[in-house]
Amino acid sequence: MTALAPPARLHPLRRHAAALLAGSLLLATAGQAASEEEVITSHGIAIFGELTYPEGFEHFAYVNPDAPKGGIHHTWTLGSYDSLTPFTEKGDAAEGAWGVFDSLMVSPDDTLGEYYGLVAESVTYPPDKHWVSFKMRPEARFSDGSPITAEDVVFTLDAMQNKGQFRYRAYFGEIEKVEALGPHEVKFTFAEGASPRDLVPLVAGMGIFSKAYFEDRDFSKSSMDPPLGSSAYQVESADAGRSVVYARDEDYWAKDLPVNVGQNNVDRIRIDYYTDQGSAFEAFKAGAYTFRGEVNAERWLNGYDFPARRRGDVVLQEIPAHTVPNAGGLYFNLRRDKFQDIRVREAIETMFNFEFFNSRLFHGVEERVASFWERSDMAAEGPPSAEERAVLEAVLGDLPEGIGDILNAPAATPYAGEGSSQRQRQRRAIQLFNEAGYTLENGRLVGPDGQQFTFEMMYASPDAEQYLSPFAKELQGIGIDARLRFVDSAQWRERAETFDFDAMHVFIPMSELPGIELRDAFGSEYANVGGGLAVSGVSNAGVDKLIDMIVRAETLEELRVRVSALDRVLRAMRIRVPYWVRPDSWIAYYDYYREPETLPEYSIGMPGIWWADQARYGELRASGAIR
């Protein structure tokens, strides 16, 4: 979930476009051995070591190569959409819209940062990786049967650099040039000083557009016309704001490649749109759609006692989570004067009584987060190590005032009152406000300008009201004029892009191996660019330097130390009221879905590696359990 859209589940079509834009990779090869003077050619690119899958592998280890084809995956999302073009600034694209485009390489779900050939047969680059070339498969085709050529890749990069969304333009901006060396070979040369460990995977994973298709179309405009894609699924039908259906291409050119064996099993993927969680859940109970991920603890524990579940027609499954979760929270808009003092932000955070919410609303199943990289060894812990201190010392003079003794103190954690004492929280919060120049006058928290402190929380998920509403009352109890503002998807986009909010309820995607995407979320150059990940508008030279150090890390250990340092600084800056995570992913589905024996570590693999038991689906339809 990004700042562009209301919090909602991400639809799991292909991961290649999002994963590459969100990830930062260090490269190695399991291909031919190479001396310092030779170029390296391999069937794949790996992170910090050898590739898991050797050249000539038959399929990824976690798939069922004999999975039957057919059936439907029918799921849902919140909000609306008015476009099928996810690469432009205009419009809200349908969920899954990136999934219709194939890329040069793809990443399996049982490893981190390994990429294997899809459109590309092989990848070649010199030891310093200042350029990279891909030998493309001559048989690669768009869905209309036209060939995918090097010229299409050249066109794609040019379009993304000059007409794509701003974040994409910036990501691709460090590519100096792209050349078609022949009909099926393309070479990228990176700008001097650029980070190849980000850029090589970035170009390997970008969706490829047809140059011929866009000859008489404006790439920069949004459109409800299904774009010409090349992947296993293409748009079959689209009812703006209501539903979108992707159909499996029976003639998909790459269906028998090792990276696709045992995958893309269902014939159709349908996504229905709902305006709120309540109506979406009622529709699931009635069998209007057949798969949902659950995020609400009360609903998960007590809401699934309905006839279809009691009959055994609905399956509930808890799957251990291993990946870094989205960084959820109520993010402050640092562009506003009222939030410039860290003590003000910490005071508001202090009043968020997670212990109470967890016991009363979440049945004790949630765990409070502190880090932006929870469930990762990159999360800052305790006081900084000697290596981390050295990184922090290099940027110390540029860090914001008021973050405390960043070189010696333990990493900042959310306030936790003993026994969830409201009075204790109030005393601490008022003390911080007093230090920032605020006073209590007749029950109103008043600033140096004589005005009461106001605080509005913007959210688009009705479920959030169950904890934001009592939070607002807690803040009102210390004299703050605290308000809630529920907005629809159109208002969300407009207010997010114009920074018209005090604080935003949002989840920011974080990478297992962070890199250039951090500039989008926390870099100064993006702080005032609407529609991206820069929700809070962090603009600090020290943070910028830390991000640059992360981008240029050459070893996994360097990366860990530098990300931990950034995590420590962001936490000390108190840019959000952090939320929580749970140890498992919760999914509910009608009992015709089937899964491999072992799911991959970094994804539930839905719908890619699951399949439909069509006989059981027919039984459920005949009984009226599903529509």
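Colleague: So helices (H or I, at least four residues) and strands (E, at least two) are DSSP runs, numbered from the N terminus. Which loop is Pro607 in?

Modeller: Pro607 sits in the loop that runs between β26 (593-594) and β27 (611-612). The peptide bond joining Met606 and Pro607 is cis, with omega at about 0°.

Colleague: Before I go on, what sort of model is this?

Modeller: It is a predicted model, where local features need pLDDT of at least 70 and side-chain atom pairs count only at pLDDT 80 or more, while totals for chains, interfaces and linings use all residues. Residues are numbered from 1 along each chain as its sequence is written, and side-chain values use heavy atoms, with hydrogens and water left out.

Colleague: What is the average pLDDT of the chain?

Modeller: The average is 90, and 93% of the residues score at least 70. pLDDT is the predictor's confidence in each residue, from 0 to 100.

Colleague: And where does pLDDT stay under 50?

Modeller: Over residues 1-37. The model has 143 contacts (heavy atoms within 4.5 Å) for that stretch, beyond four places in sequence.

Colleague: Back to loops. Where is Lys129?

Modeller: Lys129 belongs to the loop between β7 (120-125) and β8 (131-136). Its phi is near 55°, which is a positive value in a residue other than glycine.

Colleague: Sheets next. What is the strand order in the one with β16?

Modeller: The order is β21-β20-β22-β16-β23, an open sheet of five strands with mixed pairing. Two strands pair if DSSP finds at least two bridges between them.

Colleague: Why is one side of β21 left without a neighbour?

Modeller: β21 (481-486) stands at an edge of the sheet and has a single partner strand, so one of its sides has no neighbour there. β23 (576-578) stands at an edge too, also with a single partner strand. On average, neighbouring strands of this sheet are turned by 30° against each other, direction ignored.

Colleague: Do β20 and β22 run parallel or antiparallel?

Modeller: Parallel: β20 (residues 454-459) and β22 (residues 503-508) pair over two bridges. Met457 stands opposite Ala503 in β22.

Colleague: Which strands does helix α12 lie across?

Modeller: Helix α12 (residues 465-476) lies across β16 (327-332), β20, β21 and β22, and runs at about 180° to β20. Axes are lines fitted to C-alpha atoms, for helices over the stretch in contact, and angles run from 0 to 180 degrees between N-to-C directions.

Colleague: How many bridges join β12 to β13?

Modeller: Five, between β12 (residues 243-248) and β13 (residues 268-274), and the two strands run antiparallel. Tyr246 is set opposite Ile269 in β13.

Colleague: And what joins β9 to β10?

Modeller: A hairpin, through two residues. β9 (residues 175-182) and β10 (residues 185-190) pair in the antiparallel sense over six bridges. Glu179 has Lys187 in β10 as its bridge partner.

Colleague: Last one, helices. At what angle do α8 and α11 cross?

Modeller: Roughly 170°, and the axes of α8 (residues 342-350) and α11 (residues 422-435) come within 8 Å. From α8, the contact is made by Arg343, Val344, Glu346, Ala347, Ile348 and Thr350. From α11, Arg425, Arg428, Ala429, Leu432, Phe433 and Glu435 take part.
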